[in-house]
There are 2 protein chains.
Amino acid sequence: MKQATPSTFNGADTLLGALVDAGVEVCFANPGTSEMQMVTAMDHVEGMHPVLVLFEGVATGAADGYGRMTDKPAATMLHLGPGLSNGMANLHNARRAHTPMVNLVGDHATTHLELDAPLTSDIVAQANTVCDWVTVNGSANTLATDGINAVVAAYQGAGQVATLVVPANHAWDVIEAPLANKPFDPPVQARVGRDKISQAAASLRQGDKQVALLLGGRGLRDRALDAAGRISRATGARVLSETFPARWRRGAGIFSPQPVPYFAELAQGMLRDLDTIILLGAKAPVAFFAYPGLPGVLTAPGTELQLLATVDEDVEEALVALALELDAAKPGESQARISPPPPQEELCPAGVGAVIAEFMPENSIVSEEAATSSLGFYPMTAGAAAHDVLSLTGGSIGQGLPVAIGAAIACPDRKVISLLGDGCAMYTIQSLWTLVRENLDVTVVVYKNNSYAILNIELMRTGAGEGGDKARSLMSLDNPELDWIAMARSMGVSARRVVTVEDFRSAFSEAMTQRGPRLIEVCLAEIDWIAALKKMAGPDL
Amino acid sequence: MKQATPSTFNGADTLLGALVDAGVEVCFANPGTSEMQMVTAMDHVEGMHPVLVLFEGVATGAADGYGRMTDKPAATMLHLGPGLSNGMANLHNARRAHTPMVNLVGDHATTHLELDAPLTSDIVAQANTVCDWVTVNGSANTLATDGINAVVAAYQGAGQVATLVVPANHAWDVIEAPLANKPFDPPVQARVGRDKISQAAASLRQGDKQVALLLGGRGLRDRALDAAGRISRATGARVLSETFPARWRRGAGIFSPQPVPYFAELAQGMLRDLDTIILLGAKAPVAFFAYPGLPGVLTAPGTELQLLATVDEDVEEALVALALELDAAKPGESQARISPPPPQEELCPAGVGAVIAEFMPENSIVSEEAATSSLGFYPMTAGAAAHDVLSLTGGSIGQGLPVAIGAAIACPDRKVISLLGDGCAMYTIQSLWTLVRENLDVTVVVYKNNSYAILNIELMRTGAGEGGDKARSLMSLDNPELDWIAMARSMGVSARRVVTVEDFRSAFSEAMTQRGPRLIEVCLAEIDWIAALKKMAGPDL
């Protein structure tokens with residue numbers, strides 16, 4: 001490992017050095033007393049970029065965004081069990097995204113644990129609920145090895161959440177000999193067997209059956225989508241995509257699968273006529289929530305599910321092999337560049353989406369967590385310049401802003417656009433500060449409707465009744481109204497409020513031509529969400 | 001139960017009704033789709049006050065503050081495992097505070113769990129890491145009973161954190177018959193046996209021994225402190241208090257124990273000459289963190305620890321009985337009303353404390369989480385008008401603002417003062433919104449030093465070295481500086497920035513004579529924390 005300050009090394013130094021050697025370059029951190037040696041180790045080794053966040057949910061969400069864009073782990077540094085707790089919701093999302101990540105959780109010195117000091121908790125039990133790999137380090141001399149094992153664990157399959165608990169005394173103990181700098185070869189994904197490829201090809205050759213590919217995980221990257229497009233053209237198969245992809249390449253020039261809708265009623269309609277669904281990195285579609293009288297499984301009873309590749313297998317390679325097996329040489333239908341006009345004069349989500357489609361530069365990254373409002377984004381931006389969308393994979397809001405941080409650090413030359421509902425944005429609002437601290441090229445768009453609007457729809461769908469004043473008070477953000485300009489300013493982000501489509505066009509187009517963090521508060525026109533949704537969905541909802 | 005809307009009752013209605021019948025009057029909530037029936041139940045039963053919060057850490061911290069001030073549980077309503085995760089750090093603090101609390105965690109319908117939809121997680125495993133009692137409801141017909149059992153569990157000992165997992169289908173299923181409205185008698189704390197009282201009295205009568213009472217839990221309430229003062233006067237025993245009390249009655253007219261200092265070096269000095277420590281609601285003092293070369297146990301090897309009452313036993317009654325056994329009839333030395341002048345011209349924590357001591361009205365509640373800065377608050381306010389202090393019991397920052405919310409809702413006629421470091425305040429900054437939504441009489445004082453200042457001290461104490469640029473970047477909040485006036489305005493709180501002692505005197509005295517939420521940004525003078533601390537502590541640090 002590269003040693004910035006030649007001196008005696010302690011466990012923390014050797015751990016950080018080992019992570020750098022294994023390719024970990026960024027650490028999203030909010031440290032405390034039990035992590036002090038890991039903090040000073042940042043200057044003892046070369047090559048680690050520490051990023052301070054003001055709440056741990058920002059750290060874990062940022063590591064998620066970084067991992068989604070690079071397919072390699074960032075580290076987080078969390079302060080004992082409570083620090084881990086604060087990061088847990090976004091670890092849940094990251095695990096659902098299959099993102100590689102290494103969490104370093106400081107703990108009390110091993111000798112101190114039995115004293116049950118106030119910050120003591122069962123970190124392993126907590127970590128086990130949201131992580132794929134959890135190890136408690138046993139001594140300073142094994143910290144480097146444990147660090148590398150954590151990185152190896154993070155690379156398993158499509159990606160895993162790995163957590164290493166670092167007792168304070170192991171971090172401060174002097175090590176016997178620093179670990180030799182060995183080349184690190186990240187593990188690769190398992191390949192799908194030939195027999196499965198042949199079986200899928202056979203299903204696709206049955207001309208009298210309705211067959212669909214359902215893509216998820218890395219099946220939504222460029223190469224995979226290209227292969228899927230060719231397969232579709234050669235066989236007539238439909239190509240669908242999972243509802244909340246971790247990373248989805250879309251836009252002009254790219255083959256465009258049809259996402260399975262969030263609303264179970266609509267998804268059932270889409271899926272009901274299929275004879276076979278071939279799963280490639282996606283799970284069989286199920287309803288996001290249960291609703292009285294609606295089934296949770298969204299496929300029709302007669303539909304055969306054929307698992308070609310799990311999310312942890314090499315989905316891209318499987319699609320390429322399948323296309324080859326089918327002689328699917330001709331490119332599929334690629335999405336045309338379309339920039340639809342805003343559909344109405346009022347500032348509505350579709351209008352916002354139309355303006356985004358017009359101005360979003362090639363290769364942008366969109367971190368999307370606008371809940372209700374995203375229903376306007378997707379149709380409008382289908383033909384925008386090619387971009388990646390990172391969506392809310394685990395359903396736990398507060399992921400959008402942190403993921404934008406991580407994506408911007410991973411890809412400093414790409415524009416990042418963070419689309420947020422007002423309710424979502426408040427969950428990890430501390431993120432705005434880190435955008436400025438790191439001078440990240442992120443444009444934050446807050447859809448302000450003063451409401452957890454999705455819940456008004458869910459109230460109807462769950463059959464919970466009309467809801468009286470108290471119920472409504474639990475879904476409304478209008479007393480007091482949030483002032484997003486002041487919020488942005490409080491953390492040093494320049495901001496603009498827009499109330500018309502023209503305002504938004506001006507603000508967004510300007511943001512796209514400049515660099516650095518900024519926020520646009522979009523004051524949405526009041527609309528009847530349920531009516532709008534029913535109109536969009538048709539009789540299925 | 002009182003039924004606001006006569007109709008068919010479902011599980012959620014009967015659960016909320018049972019909680020109201022058992023005396024639960026407030027529910028701090030951030031619901032989602034799986035809690036919709038609990039949301040509409042708010043209007044179906046009478047007597048529950050739902051309080052919307054914009055992040056679950058605010059809900060659990062607010063329930064903690066409410067429970068500390070009322071000795072009875074508030075409810076929280078949390079959205080599946082991720083909602084619980086977001087509230088976990090403050091559940092950790094609440095459990096360390098022995099606060100009664102009932103968490104209602106919505107989950108997927110039981111039929112939906114096996115589908116592993118995106119929000120699915122092991123809620124029980126998560127809850128078990130921070131709760132004393134966890135139950136998964138089995139059917140709509142037992143939801144009322146489970147609710148009452150949760151309340152009974154919350155009342156065990158000094159107070160417990162109870163969590164009931166509510167499957168969505170049990171909430172929406174129609175119940176067979178509503179639970180009859182039975183009178184609810186909360187469980188009472190166990191009394192300490194006579195033999196233990198006699199044994200403690202015998203220890204205290206040994207005139208040649210240095211004996212101290214160490215008070216914690218409810219041993220820091222009025223009646224307990226009065227008894228402790230009398231015992232001290234009659235026997236010469238010293239009276240100490242735990243470092244981070246859940247609720248501490250202090251100020252003019254009240255007997256004042258000597259808190260065990262946070263810094264282990266100072267605590268050891270205080271405790272080293274004691275022959276016997278009698279524990280009353282407090283645990284044996286241990287260091288908050290481990291430090292290289294410092295012992296974790298703070299008492300001297302020869303000191304005998306005598307457990308008179310655990311925190312879960314009736315500590316107040318034990319102290320009264322002990323005073324009686326000792327014929328300690330004469331009142332102890334009560335704290336004089338002192339309002340010391342600010343010790344220097346610059347705006348420093350001691351100066352802030354001096355102004356608070358001068359203007360804080362009788363019976364205020366102080367939620368204190370100012371980390372480094374609180375070192376100036378305590379000495380200056382020892383002789384302020386009588387007040388209650390609620391401190392950070394579990395070491396997980398982000399508790400101060402939510403606790404202030406809960407205390408203000410519990411005690412609407414008392415002034416609540418929330419003292420926060422800038423780093424702490426950012427953790428659950430969403431709290432400001434709920435202060436306005438509920439129009440709570442809370443004055444928030446943010447000590448702005450643009451730093452996690454305590455960590456600069458801990459860097460020295462842990463022997464982690466000087467720290468280079470990267471290390472310093474992980475402890476500094478100065479790029480960008482937080483603008484607390486804008487932050488307050490973003491959530492509708494009126495705010496003032498002060499840079500001198502006179503400014504603060506003007507702002508704070510005004511805040512004390514008016515009602516409603518407000519924030520004062522205290523721009524602290526730059527001081528050398530380590531030098532200041534060493535000066536205060538003397539040669540022990």
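Welcome to this predicted model, in which chain A has a mean pLDDT of 95, with 97% of its residues reaching 70 or more. The model as a whole scores ipTM 0.97 and pTM 0.97.

**How the two chains relate**

Chain B can be laid over chain A by a rotation of 180 degrees with 0.0 Å of shift along the axis, and the superposition gives an RMSD of 0.0 Å. That is the relation of a two-fold axis. Both copies use the same surface, since 100% of the contact residues of chain B recur in chain A.

**The nonpolar core**

Let us turn to the interior. In soluble globular proteins, nonpolar side chains tend to be buried together. Here the largest nonpolar core has 201 residues, and the members that touch the most others are A:Phe28, A:Leu432, B:Phe28 and B:Leu432. Take B:Leu432 as an example: leaving aside residues up to four places away in sequence, B:Leu432 touches B:Leu401, B:Val444, B:Met487, B:Ala488, B:Met491, B:Val493 and B:Leu519.

**Cysteines without partners**

A disulfide is a covalent bond between the sulfur atoms of two cysteines. How many disulfides does the structure hold over all chains? The count is zero.

| Cysteine | Nearest cysteine sulfur | Distance | Relative accessibility |
|---|---|---|---|
| A:Cys424 | A:Cys523 | 17 Å | 7% |
| B:Cys131 | B:Cys27 | 15 Å | 5% |

A disulfide needs sulfur atoms within 2.5 Å, so A:Cys424, whose nearest cysteine sulfur is 17 Å away, is in none. The 15 Å from B:Cys131 to the sulfur of B:Cys27 likewise leaves B:Cys131 in no disulfide. Are these two residues buried or exposed? A:Cys424 counts as buried because its relative accessibility is 7%, and B:Cys131 counts as buried because its value is 5%.

**Enclosed spaces**

Finally, a look at the cavities. There are five cavities of 30 Å³ or more. The largest cavity has a volume of about 120 Å³. Its lining is made up of 14 residues, and those nearest the centre of this largest cavity are B:Ala97, B:His98, B:Arg218, B:Arg221 and B:Ala246.

Conventions: Residues are numbered from 1 along each chain as its sequence is written. Chains are lettered from A and ligands numbered from 1 in the order in which they are written. This is a predicted model: local features need pLDDT of at least 70, side-chain atom pairs count only at pLDDT 80 or more; totals for chains, interfaces and linings use all residues. Side-chain values use heavy atoms; hydrogens and water are left out. Copies are superposed by least squares on the C-alpha atoms of residues with pLDDT of at least 70 in both. Contact means heavy atoms within 4.5 Å. A nonpolar core is a set of buried Ala, Val, Leu, Ile, Met, Phe, Trp, Tyr and Cys residues joined through side-chain atoms within 4.5 Å. Buried means under 20% relative accessible area, exposed over 50%, partly exposed in between (1.4 Å probe, protein chains only). pLDDT is the predictor's confidence in each residue, from 0 to 100. On a 1 Å grid over the protein atoms alone, a cavity is a set of points where a 1.4 Å probe fits but cannot get out, and a pocket is an open set with protein on both sides within 12 Å along at least five of seven lines; lining residues have an atom within 4 Å of a point. Grid points are joined across faces, edges and corners, and a volume is the space filled by probe spheres set on the points.
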